[in-house]
Amino acid sequence: MMPKVLLVDDDAVFREATRFMLSELGYDVMEASDGNEAIAIYREATDAIVLCDIFMAGKEGFETIRDLRRDYPAAKIIAMSAGDNKQRMDVFKIAVLMGASATIRKPFDRQQLRDVLGRSAVPIFD
(Lines give C-alpha, C1' and ligand atoms only; values in the text may rest on other atoms or scores of the structure.)
Protein backbone atom coordinates (compact mmCIF):
# COMPACT_ATOMS: atom_id res chain seq x y z
CA MET A 1 0.00 0.00 0.00
CA MET A 2 1.39 3.41 -0.98
CA PRO A 3 1.69 6.06 1.72
CA LYS A 4 -0.69 9.02 1.30
CA VAL A 5 -0.06 12.74 1.13
CA LEU A 6 -2.76 15.37 1.32
CA LEU A 7 -1.47 18.32 -0.69
CA VAL A 8 -3.15 21.61 0.31
CA ASP A 9 -2.52 24.68 -1.86
CA ASP A 10 -4.76 27.16 -3.67
CA ASP A 11 -2.44 27.27 -6.71
CA ALA A 12 -3.51 24.52 -9.14
CA VAL A 13 -0.28 24.73 -11.17
CA PHE A 14 1.83 24.33 -8.02
CA ARG A 15 -0.33 21.38 -6.92
CA GLU A 16 0.16 19.69 -10.29
CA ALA A 17 3.96 20.04 -10.16
CA THR A 18 4.14 18.92 -6.54
CA ARG A 19 1.77 15.99 -7.15
CA PHE A 20 4.14 14.83 -9.89
CA MET A 21 7.15 14.94 -7.52
CA LEU A 22 5.25 13.14 -4.77
CA SER A 23 4.09 10.47 -7.21
CA GLU A 24 7.69 9.95 -8.32
CA LEU A 25 8.58 9.42 -4.65
CA GLY A 26 5.91 6.72 -4.37
CA TYR A 27 3.07 8.59 -2.68
CA ASP A 28 -0.66 8.40 -3.33
CA VAL A 29 -1.63 12.08 -3.55
CA MET A 30 -4.93 13.68 -2.58
CA GLU A 31 -5.46 17.39 -3.18
CA ALA A 32 -7.32 20.25 -1.53
CA SER A 33 -7.47 23.89 -2.62
CA ASP A 34 -8.05 25.32 0.89
CA GLY A 35 -8.17 24.37 4.54
CA ASN A 36 -11.88 23.56 4.70
CA GLU A 37 -11.54 21.08 1.86
CA ALA A 38 -8.39 19.65 3.45
CA ILE A 39 -10.05 18.98 6.79
CA ALA A 40 -12.99 17.26 5.08
CA ILE A 41 -10.61 15.01 3.12
CA TYR A 42 -8.41 14.31 6.16
CA ARG A 43 -11.39 12.99 8.12
CA GLU A 44 -11.48 10.10 5.63
CA ALA A 45 -7.70 9.65 5.37
CA THR A 46 -6.21 10.25 8.81
CA ASP A 47 -3.08 8.29 7.88
CA ALA A 48 -2.10 10.88 5.24
CA ILE A 49 0.81 13.25 5.62
CA VAL A 50 -0.45 16.81 5.22
CA LEU A 51 1.63 19.15 3.06
CA CYS A 52 -0.07 22.50 3.66
CA ASP A 53 0.57 25.95 2.18
CA ILE A 54 0.39 28.79 4.70
CA PHE A 55 -1.08 31.58 2.57
CA MET A 56 -4.26 30.51 0.76
CA ALA A 57 -7.63 31.93 -0.18
CA GLY A 58 -10.47 30.55 1.92
CA LYS A 59 -9.29 28.85 5.10
CA GLU A 60 -5.58 29.63 5.26
CA GLY A 61 -2.75 27.44 6.45
CA PHE A 62 -2.25 28.63 10.03
CA GLU A 63 -5.90 27.92 10.84
CA THR A 64 -5.80 24.60 9.01
CA ILE A 65 -2.68 23.46 10.87
CA ARG A 66 -4.17 24.53 14.21
CA ASP A 67 -7.47 22.76 13.57
CA LEU A 68 -5.85 19.56 12.30
CA ARG A 69 -3.52 19.46 15.32
CA ARG A 70 -6.44 20.04 17.71
CA ASP A 71 -8.67 17.36 16.15
CA TYR A 72 -5.92 14.90 15.14
CA PRO A 73 -2.99 15.23 17.58
CA ALA A 74 -0.93 12.55 15.81
CA ALA A 75 -1.20 14.17 12.36
CA LYS A 76 2.04 14.64 10.42
CA ILE A 77 1.83 18.19 9.05
CA ILE A 78 4.46 19.89 6.89
CA ALA A 79 3.92 23.64 6.40
CA MET A 80 5.14 25.18 3.15
CA SER A 81 5.45 28.78 2.04
CA ALA A 82 7.46 31.16 -0.07
CA GLY A 83 7.47 33.37 3.05
CA ASP A 84 5.85 36.64 3.98
CA ASN A 85 6.22 39.06 1.07
CA LYS A 86 6.91 41.97 3.40
CA GLN A 87 9.15 39.93 5.74
CA ARG A 88 7.10 41.05 8.75
CA MET A 89 6.92 37.65 10.40
CA ASP A 90 8.69 34.31 10.56
CA VAL A 91 5.92 32.23 8.99
CA PHE A 92 7.69 28.94 9.69
CA LYS A 93 8.11 29.69 13.40
CA ILE A 94 4.40 30.53 13.60
CA ALA A 95 3.48 27.36 11.67
CA VAL A 96 5.45 25.23 14.13
CA LEU A 97 3.83 27.03 17.08
CA MET A 98 0.42 26.27 15.49
CA GLY A 99 1.33 22.58 15.25
CA ALA A 100 3.33 21.88 12.09
CA SER A 101 5.75 18.96 12.43
CA ALA A 102 8.15 20.34 9.81
CA THR A 103 8.46 23.17 7.26
CA ILE A 104 9.70 23.63 3.69
CA ARG A 105 10.32 26.83 1.73
CA LYS A 106 8.79 27.20 -1.74
CA PRO A 107 9.95 26.74 -4.39
CA PHE A 108 11.55 23.39 -3.60
CA ASP A 109 12.87 20.56 -5.69
CA ARG A 110 12.28 16.81 -5.51
CA GLN A 111 15.31 16.23 -3.24
CA GLN A 112 14.26 18.94 -0.77
CA LEU A 113 10.77 17.45 -0.66
CA ARG A 114 12.21 13.98 -0.12
CA ASP A 115 14.43 15.33 2.68
CA VAL A 116 11.60 17.05 4.58
CA LEU A 117 9.44 13.94 4.32
CA GLY A 118 12.37 11.90 5.63
CA ARG A 119 12.99 14.29 8.54
CA SER A 120 9.33 13.95 9.42
CA ALA A 121 9.94 10.24 10.05
CA VAL A 122 7.80 9.40 7.06
CA PRO A 123 8.74 6.40 4.91
CA ILE A 124 10.16 7.28 1.49
CA PHE A 125 9.73 4.93 -1.44
CA ASP A 126 11.67 5.32 -4.71
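The model is predicted, so local features are reported only at pLDDT of at least 70 and side-chain atom pairs only at pLDDT 80 or more, whereas totals for chains, interfaces and linings use all residues. Residues are numbered from 1 along each chain as its sequence is written, and side-chain values use heavy atoms, with hydrogens and water left out.

Helices (H or I, at least four residues) and strands (E, at least two) are DSSP runs, numbered from the N terminus. Helix α1 comprises the 13 residues 12–24, and its end C-alpha atoms are 18 Å apart, in agreement with the 18 Å that should result at 1.5 Å a residue; the expected span is 1.5 Å times one less than the number of residues. At the start of α1, a side-chain oxygen of D11 comes to within 2.9 Å of the backbone nitrogen of V13. Just after the helix, G26 adopts a positive phi of about 95°. Most residues other than glycine have a negative phi.

Residues are termed buried under 20% relative accessible area, exposed over 50%, and partly exposed in between (1.4 Å probe, protein chains only). The buried residues of α1 include F14, R15, T18, M21 and L22. Seen down the axis of α1, the buried residues fall within an arc of 130°, so they line one face of the helix; the arc is that of the directions from the helix axis to the C-beta atoms. The exposed residues V13, E16 and F20 are carried on the face turned away from the buried side. Contact means heavy atoms within 4.5 Å. The cover over the buried residues of α1 includes strands β1 (4–8), β2 (28–32), β3 (49–53) and β4 (77–81), together with helix α5 (110–119).

Helices α1 and α5 pack at an angle of about 65°, with their axes 10 Å apart. Here, axes are lines fitted to C-alpha atoms, for helices over the stretch in contact, and angles run from 0 to 180 degrees between N-to-C directions. The contact is made by T18, M21, L22 and E24 of α1 and by R110, L113 and L117 of α5.

In helix α2 (35–44), the buried residues are G35, A38, I39 and Y42. These residues cover an arc of only 95° around the axis, which puts them on the same side of α2. They pack against β1, β2, β3 and α3, while R43 and E44 are exposed on the face turned away from the buried side.

D9, in the loop between β1 and α1, counts as buried because its relative accessibility is 0%. The side chain of D9 makes a polar contact of 2.8 Å with the side chain of K106. The peptide bond from K106 to P107 is cis, with omega near -5°. K59 lies in the loop between β3 and α3 (61–71) and is buried at 14% relative accessibility. A polar contact of 2.5 Å joins the side chains of K59 and D67.

Definitions and conventions: A polar contact is a pair of N or O atoms within 3.5 Å; within protein, one must be able to donate a hydrogen and the other to accept it, and residues adjacent in sequence count only if both atoms are side-chain atoms.
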